[in-house]
Each structure stands twice: as structure tokens, then as C-alpha cells.
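Please load the model in your viewer, with a backbone trace and a panel for backbone torsions at hand. The tour below goes from one selection to the next.

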Amino acid sequence: MSAANSVNPPVVFTQDELGWVAWIDPLPEAELTERHFAGLVDRARAKSDYFRLLVRDPEVLEARTKTDKDIFYNTADGLPRAERELAAAATSRYNGCIYCASVHARFASTYSKRRDDVQRLLDEGVGADLGERWNAVVRASVALAATPIAFGKDNIEELRRAGLDDAEIVDVINGASFFNWANRLMLSLGEPTK
Amino acid sequence: MSTTDIIDTLAGIEPGSSLEAIRARRAQARENAQKSYLALFEPIDASDFSLLERAAVALFVIGLHGEPTVTAFYRAKLAATAGGAGLVEAIDGAVAGGKTSGPYGAFPAGPLSIENKAGVIYRVSVDRRPVLGTRLAAALEHAHLLVFRPRDAASADMKALLDAGWSNTGIVTLSQLVAFLSFQVRVVSGLRTLGAASA
């Protein structure tokens, strides 16, 4: 077990930068091999406890990281970056991941310049009224995050009425779905710190 | 293009369809969702988490989501895994006993406590434990936590897995498997819904 066992956890959703401590032991930096560095994708991630924990399974981490990067950073077409980040933040808010929500709310604010609206999502929850287009993205993300999955034809119609084409809707589906992966790792392997 | 992409297969995406063309614009995401599946179910090293355990946990996780096509895929996968055919009934029974609606759970004590939502804390039934064994029973209980109430996860849940014989590395892969399937089933469901709405 890791020695880190809590320490000042945040009790509200925030756009501040948070830390994160692992509940089980990350690999020591000195034990990382080339197989592990391939799994980390970015060598700088060797400094992060979270990634040195996930790199215990390097093949899964590598594939997950590359999925993540394409879904969020490949903005050659499809949904603007701000709204991909909104889908991530809304999913995290709904699932209850204070750490993931902080990171992606910050990104959503940076790319949209709508910091107050993003903050209302964090403060009021996923029912906050953020305007037609953002409401459609948030509702679709929440419907996808529910178990059993509640995403249906109504969500597609609402997204289309808000102006999204099918390629953009696929980006909402990918971004929201991906955070059902990310949230479960961050929430279950450790905890955020202020 | 490959016809063995699991998400395309499960979502019913036909070669030459508009959805296939849209997915092709996120080729790295598509390829690596597939590689994630292969890394989890055809790993280089299964010593910390056996293929049988992986297939059993997968059927449980997907069964809890109630998506029939995806459930049928993972049920067939467990049945085809060495030692798996004898577990299918036990896992289907565990799914029936564990089905509920999420996410629910508690937030850290403070202003968010008013959003706390109580729900089932799943435990494998006593009569099913001998069939599943200690390790798999602990894995199913943890998987249920991650599927329905991930915000309830605590360091004590790591200890429960360690006490049941899971290694640190095994816990990381188990967490990835449950979390990955939570992603995969949503992409499949979302794309299938979009495909139907575009037909």
C-alpha cells in the first residue's frame, strides 16, 4: 500500500490545479525499462505517480493514451476542442470525479473563453442552463454516462437541432465515452489533493 | 479496411457506410481502441490476471450495462475461454443479482454531500462464492463498484483486492479492463444509435 492516504482532499468541484495520490504503489522511476517508456508515450510522464502506476500494464496504457490523444487533440475537423472538453467535464461532473473535472473544466474554459458557464456546470451540476448547444452536449454526455446507458434518438435530435453534424456527434460520443474510462481509473486508484 | 474491428462489429457499422467514413477520420482513436481490447484480452503476460478471470469480469461488467449485442459477444468469449463454459451460468446469475442504475454514491463530506445518492453495495452471494473463488468474487465486487458508484471507491477497496490475492499490477489491469469496457460499450451504443437515426 502507498503511504499516501489522505491529505486534504478537495470537497467541491473546482477549476484549480489539483494533485493526485495513488493508493497502491507506482513503479519506481529507476525500474522503468524501454517497454515501460513505450507505454508512457511521453517520457516526461515518468515523473507522474498516476502514469507510473498505470505503466504496470504498459501495453494497455500506450493504447489508451493514443486513443485519448486522437479523440481530444485531433481537431482537423469535427467538434471544436472546447466542446470535446465540455463533454469530458460534464461526464466527470456526473460520475463524481473531482480531479478529472478540474482538468477538463480548465481546458473547456481556456478554449471557449466561457469560464463562468463552465464554473456553473461545476457548481450547479449537469442541469445548469448553458445555452442550447452546450446543453445538448452536456445532456448527451450524461445520458451516455448513465448505467444502463440512457443515450437515445432524442439526444441525437437535440444535438442536430443545436447544429452538430454526424462527425461532431461522433466526437461527443467518443469524448464522453472516453471519460467513463478515465474517471474510473482516477477515482479508484487514488484520490485528489488540494 | 479490417472487418474485425470490435467496435464496428458490435455497432453494426458496415463497410462503405457514412459512419465508417467518420470513424476513419479518427484512425488513431479507432486503431488504439482496438489495440486496447487486444492488450486486455490477448495480453503478452497474463500472470497477474488470468484470461479466464478477464473473460469472466468482462461478461459481468457488460451484463450490468444490459446491451444485448455486446453481452452476447462477451458471453461467447467467456464460453470459448479455457474453463469458461462452466462459469457462464454463475456470471449470468451474478449479473441478475447486481443489476441497478448508476452512477450513485457519496461525495467527500462537505457542500456536495447533498448530492449523495444511496444504492446497492453488491456482494457476491454465499452460494456462488465456491464456484467463483476468492479472487474472482473480489474482482466482481470491485467491478460493480466501478460500474455503478465509482465515486465511492476508497483505499480500503484496494486492500480488499490485495487481501484476496490480487497483485498491484493485477489491480491496475483489472481497473483498466472495467474502465475500458465502460468506454467500449458506450461507443458501441452511441454509434449504433447514431446509425439508426441516420438510416
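In which loop of chain A is A:Lys113 found? Select A:Lys113 in this predicted model, and you will be in the loop between α5 (98-112) and α6 (115-124) of chain A. With the torsion panel open, read the phi of A:Lys113, which is near 60°, a positive value in a residue other than glycine. A:Lys113 counts as exposed, because its relative accessibility is 71% and the cut-off for that class is over 50%.

Next, stay in chain A and select A:Val41, which is found in the loop between α1 (34-40) and α2 (49-54). A:Val41 is not a glycine, and yet it has a positive phi, of about 65°. Is A:Val41 exposed, partly exposed or buried? At 30% relative accessibility A:Val41 counts as partly exposed, since that class lies between the limits of 20% for buried and 50% for exposed.

From torsions in phi, turn now to omega. Select A:Thr147 together with A:Pro148, and inspect the peptide bond that runs from the threonine to the proline: this bond is cis, with omega near 0°. The place of A:Pro148 is in the loop of chain A between α7 (132-145) and α8 (153-161).

For the last stop, move to chain B and select B:Gly102 and B:Pro103. The peptide bond from B:Gly102 to B:Pro103 is cis, and its omega is near 0°. Where is B:Pro103 found? In chain B, the loop between α6 (88-98) and α7 (129-132) holds B:Pro103.

How values were computed
Residues numbered from 1 in each chain as written. Chains lettered and ligands numbered in written order. Predicted model: local features only at pLDDT ≥ 70, side-chain atom pairs only at ≥ 80, totals over all residues. Heavy atoms only, no water. Helix = DSSP H or I, 4+ residues; strand = E, 2+ residues; numbered from the N terminus. Buried < 20%, exposed > 50% of the residue type's maximum accessible area, 1.4 Å probe, protein only.
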